[in-house]
Structure formats: C-alpha cells, structure tokens
Amino acid sequence: MSTAQVAVTTKKDWTSDQEVRWCPGCGDYGILLAVQQLMPELGVAPENTVFVSGIGCSSRFPYYMNTYGMHSIHGRAPAIATGIATARPDLDVWVITGDGDGLSIGGNHLIHALRRNVNINILLFNNRIYGLTKGQYSPTSEVGKVTKSTPVGSVDAPFNPLSVALGAEASFVARTHDLDRKHMQETFRAAHAHNGASFVEIYQNCNVFNDGQFSDITKKTNRENMMIDLVHGEPILFGPDRERGVMQGTDGFLHIVEVADVGLDQILIHDEKNDRPSLAFALARLNDDDHSPTPFGVFRNIQRSEYAQAVSDQVVAASERRGPGDLGELLASNGTWTVG
Amino acid sequence: MTDTIERSDTAGNDRVLDHLVVRFAGDSGDGMQLTGDRFTSVSASFGNDLSTLPDFPAEIRAPAGTVNGVSAFQVNIADHEITTPGDEPNVLVAMNPAALKADLHRLEVGGTVIVNEDSFDARDLSKAGYVDSSDEPVNPLEDGTLNGYRVLKVPMTSLTKEVCEPLGVKPRDAERSKNFFALGLVSWMYTRPTEPTEEWIGQKFAKNEQVAAANTAAFRAGFNFGETTEAVGHRYEVRPATLPAGTYTSITGNQALSWGLVAAGQLAKLPITLGSYPITPASDILHELSKHKHFGIRTVQAEDEIAAVGVALGASFAGHLGITTTSGPGVALKSETISLAVAIELPLLIIDIQRGGPSTGLPTKTEASDLNIALYGRHGESPLPVVASKSPADCFHAAIEAARIALKYRTPVILLSDGYLANGSEPWKLPDVDSLPDISVPFATGTNHVDDDGNEEFWPYLRDPETLARPWAIPGTPGLMHRVGGLEKADGTGNIDYTPQNHERMTELREAKVAAVTADIPPTEVEGDVDADVLVLGWGSTWAAIDAAVQRRRRVGVKVAKAHIAHLSPLPPDLGDLLRRYRKVIVPELNRGQLAHLLRGTYLIDIISVSKIQGLPFKSREIEAAIDAAIESLGADSEGGAS
Ligand code: SF4
C-alpha cells in the first residue's frame with residue numbers, strides 16, 4: 001500500500017454510478033457517506049482498493065463504491081478477502097459484513113481471518129437483527145427479543161462482537177456508530193492505518209425492523225452520559241463534565257465510578273497498545289445491554305506478524321534461495337533413468 | 001505362477017517371467033509402504049514397466065496385530081507395458097498373521113506365500129482372529145489353510161535380531177528392521193539389484209548410523225537367506241521392458257497432479273494460490289505444492305473447506321490461478337462458492353481426489369462416485385467443465401488441461417482423480433518441457449465500450465464472441481474498477497438485473513460458454529478391432545483395467561474395441577456418433593453407473609453399466625467377463641431375430 005504518487009481523488013472518484021437501495025432512513029447511508037468521504041484522505045487509489053462483502057443489507061455496500069468489489073456469498077467475505085490479500089499484499093482490502101453475515105453463518109471465517117491477522121479492514125454493521133430477510137433475531141440480539149421467528153421472545157444468549165474479536169486474537173478492535181460521521185472516519189482511518197486485520201463494530205440503526213435499538217446510547221442528547229470515549233494514553237472519563245470514569249477495582253474488575261469519589265489518579269488510563277488483551281476485553285464487556293454507558297473508540301491496536309506479507313516473504317525467500325522455479329528440474333527431482 | 005508367462009530363454013539358473021505381482025502386507029508399523037516403495041524404485045530403475053497399489057488401513061491407529069491395522073503395498077513389474085497393479089498377486093509377503101488373514105484370499109491359486117514365522121505365536125494369532133470355537137489360537141501355517149500354495153516360512157524377526165546383535169542394536173530396535181530382511185529376500189528371489197537399495201538406506205538414515213547399519217544388515221541377511229536356503233528354490237527374473245526411448249521417472253498420481261499444477265502456473269505465466277483444507281486422499285497435493293514456493297506458489301491451509309475455495313476464488317479475482325484441492329465431502333462443502341464462481345465467471349480449479357462415500361465413507365479407499373456431484377452438485381443452473389485423469393502420470397497433463405479450460409473460458413473447472421491414482425505410481429516418460437502448451441490469457445488492460453455520450457467505459461461482462469469468456473480485469477488496473485457478485489447481472493454491463501428475459505439469456509450464455517469448450521476437445525481415440533461389435537468406454541482410473549482386459553481378450557481372438565474420455569463436461573462432440581457405431585457399449589465405473597446414466601440420457605443409447613463399489617479398482621478379469629457376456633448376448637440377440 002504505497003502512498004507514493006497517488007493521484008488526488010475526491011469523494012466522486014469513489015462513488016459508483018449505481019443507485020443506492022437501502023430503506024430510506026437506514027443507518028447504512030451514513031456509513032457509506034463516511035467511507036466515501038474518507039477514502040480520498042487515505043492516500044490510496046480506487047484501482048488498488050477492493051471491497052468484499054457477504055450477504056445482507058450491509059453487503060450491498062461494494063456496489064456503491066467505485067473500486068474493485070465483490071458481493072459474494074453469505075458469511076464468506078473474510079475467506080475471499082484472505083485470498084485476495086494473500087495473492088496481492090499490494091491491495092487495500094475491506095470487508096463489509098453484518099451481525100448475521102459475520103457472526104452467524106460466517107463466524108468461522110471471521111475468527112480465523114482475525115487470528116491469521118490478514119491485512120484487511122473488517123467493518124461489521126451491527127443492527128442486532130436480520131434486515132434483508134425481513135426481521136428475524138440475530139446472534140447479537142438481546143435475550144427475549146420478539147421477532148418474526150421468535151414471537152414469544154428469543155431464548156439464546158447473544159455474542160458480544162468485540163469479545164469475539166478479542167478472543168480470536170484480533171490485533172485491532174474498535175467500535176463506532178452510524179450517527180457520528182467524524183467518529184466513524186477517525187475509527188476507519190485508524191483501522192486502515194493498522195497493518196493486520198482490523199475489526200470495527202458499527203452500531204447501525206435498522207429503522208425498519210429494529211428502530212432505535214441504540215438510541216439510549218447514541219442519540220445526541222444521550223451521548224454525553226452514555227458514550228465512553230476511549231483515547232489512548234488518557235484516563236477513561238465521560239459525562240457532561242467528565243465527572244465519571246472507569247476504574248479497575250481491587251477485585252480486578254472494571255467499575256464505573258464518580259471521579260469525585262475516587263480521585264482522578266484512580267481512573268484507568270486507556271492503553272490500546274497493551275500486548276495483553278485482558279483490559280480491552282474487560283472494557284468490551286463493561287456494558288451488558290444497550291441502555292448503559294458503552295465504550296467507543298479503539299480498544300486494541302497492537303502490532304504482530306501480518307499473514308499476507310509473511311506468506312509473501314516465504315515465497316520471496318524461497319526464490320532467492322533456490323532461484324526461479326525450473327520445471328525441467330522439478331520433473332527430474334525424483335531421480336530418472338533413460339531408456340534407448 | 002498360473003497367470004505369469006515363464007519365458008523359456010533362461011539365463012543361467014534364473015528363470016524369466018514376463019511379469020510379477022508382489023504384495024507386501026504387514027502391520028501399519030511394519031514399514032510395508034516403505035518396503036514396497038523400495039522394491040518399486042529398484043524395479044523402475046532396472047527398467048521394468050510397473051504399476052503400484054498402496055492399500056492403507058482404514059483406521060490410522062487400529063490396534064497393532066489386528067486385521068484392521070494391516071497395511072499393504074502391491075506392485076506389478078513387467079517386461080512389457082502394463083497399466084494395472086495386477087488382479088492377483090503371485091507373491092504375498094505376510095509379516096504377521098493378520099496380514100495373512102487380510103490378504104491370502106487375494107493371492108493367485110498356487111501362488112507363493114512368504115511369512116514371518118516368528119509372528120505366528122499364540123498372541124498374534126488371537127489378535128488376527130485365527131482362533132477355534134473355544135477361542136484357542138489355531139495356526140494357519142499348520143492346519144492346512146495354506147494347502148495349494150507354495151509356502152516359505154522364514155523366522156524374519158529372529159534372524160534380523162541375530163544379525164543386528166553384533167552391531168550393538170537392542171533387540172527391540174532390531175525388530176524394526178525386519179521389513180528390510182523381507183525386502184532382501186524378495187530381492188534375491190526376483191533378481192533385483194541390491195546396490196540402489198543399500199545406497200538409499202545409507203542416505204535415508206544418514207542421521208542415525210546405527211539404524212542405517214541395522215537396516216543394511218537385515219537387507220543383506222534376507223538376500224543371503226535366499227541364496228543359501230535351499231527351500232527358497234530358484235531365482236526368477238523379470239527383464240527390463242522395452243519402453244519407448246526417453247527419460248523416465250517414477251511418479252504417483254498426487255505428485256504428478258501437483259507438478260501439473262506447478263506447470264500450469266508456469267505455462268499460464270501466473271502465480272498460484274492454493275486454498276486447501278487437509279483431507280484424505282488429497283492432502284499430499286497441499287504438502288507437495290507447499291514445497292515449491294519458488295515457483296511463485298502461495299499455499300493457504302484454510303480453516304475449512306469453504307474457506308479454502310473462498311481463498312482460491314479471491315486469489316483468482318486478484319489475478320492468480322486460484323486452486324483448491326479436496327475430496328468428495330469437501331466438494332459438497334464448496335458447492336455454494338463454486339456456484340458463485342459460475343456466476344462471476346472467474347477461472348478456478350477444484351481438484352477432487354475421490355474416495356468411497358457417502359459421508360466419511362471409506363476415506364482411504366478409492367471410488368469414482370463424485371461424477372454426479374461434479375456435474376450437477378450445485379444449486380441453480382450451474383454448468384461447469386469437468387475433466388478426469390486416467391493414470392497416475394496422466395494427472396500431470398489433466399491438471400494442465402483443467403487449468404487451460406478454466407483460464408480460457410473464465411470458469412470453474414472440476415478435475416477428478418481418485419485414491420487409486422493418487423497413491424498408485426508408474427514410470428512416466430518425462431515430457432519435453434518446451435513442448436507443453438502455452439495456456440496464458442491476457443488480462444484486460446483498457447476500456448472496451450463507448451457509451452451513448454461517447455464516453456469510454458469498461459463492461460465486465462462483454463464477452464469474447466468465440467469463447468464467450470468475459471474480460472478478466474484485475475485489481476490494480478486503473479480505469480477498470482468494477483463489481484462482481486452473486487446477484488444476476490445484465491450481460492455486458494454486469495449491472496444487477498432481475499428482468500425475466502435477462503435471467504434466461506444469462507443462463508443460456510453460461511451454458512453456451514461451457515459448451516464452447518467442445519471446440520478444443522480432440523477426436524475420441526478408439527483402440528482395438530475396427531470391426532468390433534462391442535466397445536468398452538471408460539473414464540478416470542478404470543483406464544488401466546480396461547486396457548488390460550481389452551488386450552487380453554484380443555490376444556485370444558475376441559473382437560473388442562475401447563475408448564476413454566477425459567472430458568466429462570462437455571462430452572466430446574464426436575461421442576454420440578462413436579457410440580452408435582457399436583452394437584454393445586460397456587461402461588465400467590467405480591460407482592453405480594453415473595456416466596452410463598448420463599450417456600443414456602444424452603444420446604438415448606442403451607449402455608451396459610458395469611459397476612464396482614468395493615473401495616477397490618477393477619480387476620481386468622471383471623471387465624473381461626463383462627466383455628464376454630456382452631458378446632454372448634449379441635449371439636442371443638441375433639438368434640432371437642430382428643425385432
Ligand atoms: S432492512 Fe434495515 S438494515 Fe436493511 S436496508 Fe432497511 S433499514 Fe437498513
């Protein structure tokens with residue numbers, strides 16, 4: 001992903017001629033706009049960029065980007081993107097997925113892409129519902145969710161996407177939401193800058209089948225009290241006057257406290273570079289519903305060996321050691337004998 | 001040796017055989033595959049034609065000494081061209097009672113049994129199930145079981161221990177060399193050169209001198225045992241075959257297939273990305289390709305079969321030759337992604353090394369029952385080309401052919417091999433590398449259409465009029481950015497299009513594209529009698545048994561012809577006319593008649609389906625019987641008069 005000599009682009013260069021077909025008012029529009037606006041700032045060219053998606057409302061995304069793209073099959077985008085990135089580490093590869101696509105049918109590919117640390121940026125639009133199939137509960141829906149397939153309420157416990165990602169050894173994990181374009185762009189920018197698999201959960205409103213799921217947190221008037229901004233190297237504070245914060249108790253767990261009660265020096269300093277994922281995991285589990293203060297921003301951002309480059313390095317090393325492949329030599333490598 | 005011609009031109013004391021089938025059988029831990037491999041290599045470099053059949057136990061960790069734990073290796077060596085590992089072994093080497101129990105029934109009547117006498121104790125006899133009604137062990141070496149066979153009882157374990165003792169090898173370790181004793185003995189009996197094996201032992205065990213010394217000592221002891229023990233009798237010889245002039249190597253199907261893939265990458269001037277998930281009997285291809293990174297080959301061991309084909313398809317989208325290797329259960333899992341490849345019209349190679357099914361079935365045994373899934377195993381109308389290899393060495397060319405079709409027509413292609421070809425080996429006359437075809441295709445580099453306003457644009461589904469292939473524009477190419485996907489799209493622009501006429505048109509186009517492959521299929525070759533009434537038509541690994549059967553029937557004056565097809569989809573354009581030229585068409589298959597059904601449906605010709613579904617290749621004798629029956633029914637037909 002060399003940033004050298006990339007022609008200056010504008011949002012228009014990144015926008016395809018296809019008509020956008022999400023429901024009016026869908027949170028996906030905001031995410032698309034955020035990405036289309038951001039791309040010219042990233043110093044990459046549309047022809048070196050690939051968007052890959054699976055199936056679901058969010059997965060229509062690649063059609064709207066004027067880049068290379070593949071609208072693939074349900075759940076498989078991380079696997080296909082792994083193939084693209086491994087074949088071509090020079091490309092900028094993005095995966096667009098949702099809570100059903102990424103965490104249900106495609107869960108296996110998601111965790112293994114994260115484990116391998118393939119250099120792809122995974123944006124998971126979490127609306128806690130199946131939208132495209134018209135409203136069934138998803139693996140991130142809360143217990144008791146009443147939907148078409150669960151008329152008296154769902155009984156199975158949901159995934160916490162960030163916990164899944166951290167458990168899968170993800171090296172970059174972040175959360176943002178569809179109502180704050182600037183926050184999305186800062187998060188996507190950081191995800192893009194990260195070398196390795198980046199996982200971004202986006203709280204996305206499905207106004208048709210699950211309207212207002214995140215309103216208690218993301219509505220403008222609620223944000224100050226409910227969104228906890230994570231800033232690397234800074235104490236984790238929130239509230240209108242930053243009067244509340246996150247503290248690690250003597251029990252080892254994280255607690256939301258009044259700063260006045262404990263003193264600023266007791267407030268946890270956010271460290272996204274910490275090699276051990278335990279604190280990031282604890283932060284990811286700070287809220288257990290959509291009605292309590294919830295951390296946003298980058299939870300984890302560490303460097304470790306990136307898969308596609310490592311595979312490529314082995315190919316280069318083999319070529320240097322053995323010279324370019326010689327077919328005649330290969331065919332004779334079992335030993336030969338001559339007749340006549 | 002009832003089925004072996006004893007050539008009378010004896011040289012010295014040695015008697016000359018035209019061919020010899022030896023089966024080495026023992027416990028999985030006895031090193032039978034290694035022993036068989038060595039015998040094969042020595043015979044190959046000696047100049048015999050040969051064919052091998054490794055027979056692995058179904059369970060990797062079956063209890064030692066039991067019939068389930070028996071591992072065998074059968075090799076046919078000959079002084080003339082042969083294609084099969086032989087119907088029935090002439091010689092069975094049984095390292096323990098279980099091996100005798102498992103394999104005695106395969107031996108030809110009057111054949112030679114060489115047993116490791118030391119292993120025929122009460123314990124091993126019981127484990128092998130040689131017991132009477134009150135569960136007391138019964139020794140088959142003494143109870144008449146072996147009447148009618150020539151039996152050599154050799155205390156291999158104790159003789160091996162004896163020669164290893166002065167080397168300071170502990171008896172337990174020495175025991176492990178007994179397979180080399182067996183190899184030495186068989187090498188003497190059939191006049192195999194000893195130097196290559198001794199040299200090989202030195203190299204293979206270079207890191208452990210004591211093991212090398214023990215194996216060499218055991219090998220020599222076995223050889224000397226043959227020379228000095230009267231009971232062993234005459235030495236026999238199988239002279240070199242007069243194979244066509246050239247440079248030869250010995251190769252298994254999986255290795256040939258791997259090398260064919262390497263070659264395909266070179267001939268296409270493309271890097272290769274293999275996505276694969278370990279599965280028997282295909283894993284060797286993943287192993288082999290992983291060794292050849294300097295050819296620009298990337299291998300990804302994926303998290304599952306679905307991811308493996310996803311990786312391959314992603315790589316194809318990015319401009320590599322994307323390949324995935326698997327066996328039947330894996331093909332089932334990849335099905336949805338293969339349909340995506342049909343829809344987005346990108347090159348993709350799916351290699352299916354077939355094994356016995358359904359489900360886990362017989363993972364280590366061969367079968368050719370994935371033809372239907374290859375042809376039809378996808379949702380919607382998803383035709384794709386299917387190619388099959390016919391012999392271990394042919395896997396090389398079949399891989400290149402499959403890649404050629406995939407690239408030229410931008411389509412997924414399924415290549416069928418099977419467990420028998422995968423692990424079987426034969427001498428291969430190496431092709432001249434420069435004579436291999438150029439299979440490269442150009443990437444799209446510029447726009448290909450002008451819109452109504454005179455603007456140049458790129459249409460990802462604007463087809464080549466001849467091949468109907470769409471342009472392959474890879475990421476990194478300025479100005480050609482485009483999106484592909486599983487939704488139905490309009491021809492030309494590639495934009496999503498659900499209109500009824502468009503879907504029908506696209507369905508027909510995808511079908512016509514696969515049909516266009518017929519333009520490259522050479523005329524089907526027919527061998528045998530021009531005036532025959534009976535044709536044996538084969539596909540895949542039945543080639544060997546068919547070839548042997550037709551040759552043998554013709555040797556005794558039976559009129560019969562044979563043909564073999566490598567392209568199962570589309571079928572060769574001349575096939576219908578060809579089949580109609582014969583009164584009877586026999587199609588032997590290691591399945592329940594999958595090609596036979598296809599041919600009946602396609603050409604409205606009656607087909608005699610000969611089915612075998614035992615996890616084993618055909619014996620040529622089984623096909624000979626089918627030929628005879630067909631000929632007999634001809635007589636019956638004409639007696640009944642025209643109807
Ligand atoms: S169903 Fe929901 S998620 Fe899907 S497009 Fe409509 S609003 Fe958006």
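Me: What do the side chains of E345(B) and R463(B) do?
Reply: This is a predicted model. In it, the side chains of E345(B) and R463(B) form a salt bridge, 2.8 Å from N to O.

Me: How many salt bridges are there between domain 2 and domain 3 of chain B?
Reply: The count between domain 2 of chain B and domain 3 of chain B is 2 salt bridges. There are also 10 residue pairs in polar contact between these domains, both residues at pLDDT 80 or more.

Me: Which elements of domain 2 of chain B give two or more residues to the side that touches domain 3 of chain B?
Reply: Helix 11 (305–317), helix 12 (328–344) and helix 14 (394–409) of chain B. Helix 12 of chain B gives the most, with 4 residues. By class, that side of domain 2 of chain B divides into 14 nonpolar, 4 polar and 4 charged residues.

Me: Where do the domains of chain B run?
Reply: The domain assignment gives domain 1 as 16–238, domain 2 as 249–435, domain 3 as 442–515 and domain 4 as 526–640.

Me: How much area do domain 2 and domain 3 of chain B bury between them?
Reply: About 1,800 Å², with 65% of it on carbon and sulfur atoms. On the domain 2 side of chain B, F317(B), E345(B) and R410(B) lose the most area to domain 3 of chain B, together 34% of what that side buries. In residues, 22 from domain 2 of chain B are in contact with 23 from domain 3 of chain B.

Me: Switching to the two chains. How much do chain A and chain B bury?
Reply: About 5,100 Å² between them, 64% of it on carbon and sulfur atoms. In chain A, the residues losing the most area to chain B are Y68(A), L331(A) and W337(A), together 17% of what that side buries.

Me: And how many salt bridges between chain A and chain B?
Reply: The count is 1. E303(B) pairs with R116(A) in a salt bridge, the closest N and O atoms being 2.8 Å apart.

Me: Which helix of chain A gives the most to the side that touches chain B?
Reply: Helix 11 of chain A, with 8 residues. That side of chain A has 24 nonpolar, 27 polar and 7 charged residues.

Me: Last one. What classes make up the shell around the ligand?
Reply: The shell has 7 nonpolar, 4 polar and no charged residues. Among them are C23(A), C26(A), C57(A) and C206(A).

How values were computed
Residues are numbered from 1 along each chain as its sequence is written. Chains are lettered from A and ligands numbered from 1 in the order in which they are written. This is a predicted model: local features need pLDDT of at least 70, side-chain atom pairs count only at pLDDT 80 or more; totals for chains, interfaces and linings use all residues. Side-chain values use heavy atoms; hydrogens and water are left out. Domain bounds come from an automatic or database domain assignment. Contact means heavy atoms within 4.5 Å. Buried area is the accessible area (1.4 Å probe) that two parts lose on being put together, summed over both. A salt bridge is a side-chain nitrogen of Lys or Arg within 4 Å of a carboxyl oxygen of Asp or Glu. A polar contact is a pair of N or O atoms within 3.5 Å; within protein, one must be able to donate a hydrogen and the other to accept it, and residues adjacent in sequence count only if both atoms are side-chain atoms. Ala, Val, Leu, Ile, Met, Phe, Trp, Tyr, Cys and Pro count as nonpolar, Asp, Glu, Lys and Arg as charged, and the others, Gly among them, as polar. A residue is near a molecule or strand if one of its heavy atoms lies within 4 Å of it.
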